[in-house]
Amino acid sequence: MKPKPVDDRSATIEKDDTAGEGQRYLLSGDWRNRGIAGVLKDLSALEQETAGGRLEIDVSAIEQVDTSGGWLIRRLINARRAHGADAVVVGASEQLKELLDVMPQETPAPPAKTAANASLFERVFTPPGRAVVELWQDAVAAMNILGSAVGGAQLKLGRGTGISPASVVTHIDRMGVRAVPIIMLMSFLIGAIIAQQGAFQLRYFGAELFVVDLVGILQLREIGVLLTAIMIAGRSGSAITAEIGSMKMREEIDALTVIGLNPVGVLVFPRLVALTIALPLLTIVANFSALFGAAIVVWLYSGITFETFLGRLHEAVEYSSVASGMIKAPFMALAIGIVSAVEGMKVGGSAESLGAHVTAAVVKSIFVVILMDAIFAIFYSAIDF
């Protein structure tokens, strides 16, 4: 076998035909990652040989070697031993001996291609099955988070209070107060858009005044709390997942456990309380902003004055419309906080895992919020509320 060097420093391998009854391979050159390309085909061919007996691999002429080169030599040894040859390495330096010693004594088998070999039934039903299992695991983890949060707070009752006021106020400031500008702007624009489109359509029927009914009922019952919860899920839910996930990556949660604290009670419970307080208040702000935007638009488009707008709003909107929207807010806040905390606790040790779970937290929170809104709508309809 002739050597096929890429350049003067590349790795080479020769078969010594004068070795008598046994076989002898002569390795030389640079066996680092940049120099081994020229011997890969020859090595693959040598690994497939089935001849037994003694095999010497002379590495005395190797100038430099790294992990890539060491692994190729170890793989050659393993392959020939698997075919019954007595493969030994001669002429190795201390560095190469240590490198070969830490390599696996048996070449691991490549993973089986289960997806290609799976039956049609498995390929069709495995993904839905995994989704159902993950959904069940998320539900169990959510219940565990909620129970651990309440239990962790109760453990502090003997030391003064179950809730840290400073922590709750801090999170209310971050999740609620600092979200007021964006919630007001979003709701103002949504109310203005609904009023503009409603006035434009109702104008054909001479019923532009009923746009007040449309905006009032729709905003107070559905749109106000729903869009506010979606905005908080994207803004604060992602922050909760990122904070808890970062703590888990840095093993700060393990440190809390070591010193005898319940990480869920310490980290999650104040955030749940803050969300439960902040979201209803932000919903009120959103409702006022949306109605103000609608009042300006109908005044500009239809000439309906503010006095007329408020009078019609008072006649059209009942207290049940206001209550039906506000009742949803605490439940949506709990759902956002629990889902975000569950995803934060799942974060592994990589930045990729953190990003994936932050994204999952936002998507799942928004889905749960919309699902809860639909369930409440069906429930209100059933009880005629």
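**Exercise 1.** Which residues does Ser 365 touch, not counting residues up to four places away in sequence?

*Solution.* Contact means heavy atoms within 4.5 Å. By that criterion, and leaving out residues up to four places away in sequence, Ser 365 touches Ala 233, Ile 336, Val 339 and Ser 340. The model is a predicted one, where local features need pLDDT of at least 70, side-chain atom pairs count only at pLDDT 80 or more, and totals for chains, interfaces and linings use all residues. Residues are numbered from 1 along each chain as its sequence is written, and side-chain values use heavy atoms, with hydrogens and water left out.

Next, locate the residue: Ser 365 is in helix H13, residues 351–382. Helices are DSSP runs (H or I, at least four residues), numbered from the N terminus.

**Exercise 2.** Classify Ser 365 and Leu 300: is each buried or exposed?

*Solution.* Take the cut-offs: buried is under 20% relative accessible area, exposed is over 50%, and partly exposed lies in between (1.4 Å probe, protein chains only). Ser 365 has a relative accessible area of 1%, so Ser 365 is buried. Leu 300 has 59% relative accessibility and therefore counts as exposed. Leu 300 is placed in helix H10.

**Exercise 3.** Which residues form the aromatic cluster, and how are the pairs Phe 331 with Phe 376 and Phe 379 with Tyr 380 classed?

*Solution.* Rings of Phe, Tyr and Trp (its six-membered ring) pair if their centres lie within 6.5 Å; planes under 30 degrees apart are stacked, over 60 edge-to-face, and the rest tilted. This rule gives eight aromatic pairs.

- Phe 331 and Phe 376 have ring centres 5.6 Å apart and planes at 55°, so the pair is tilted. It links distant parts of the chain, with Phe 331 in helix H12 (residues 319–346) and Phe 376 in helix H13, 45 residues apart. Phe 331 is partly exposed at 44% relative accessibility, whereas Phe 376 is buried at 14%.
- Phe 379 and Tyr 380 also form a tilted pair, with 6.2 Å centre to centre and 50° between the planes. Phe 379 is partly exposed at 45%, and Tyr 380 is buried at 4%.

The cluster consists of Phe 331, Phe 376, Phe 379, Tyr 380 and Phe 385.

**Exercise 4.** What is the mean pLDDT of the protein?

*Solution.* The pLDDT is the predictor's confidence in each residue, from 0 to 100. Its mean over the protein is 84, and 90% of the residues reach 70 or more. Over residues 1–7 the pLDDT is below 50, and this stretch has 13 contacts in the model beyond near neighbours in sequence.

Methods:
Helices (H or I, at least four residues) and strands (E, at least two) are DSSP runs, numbered from the N terminus.
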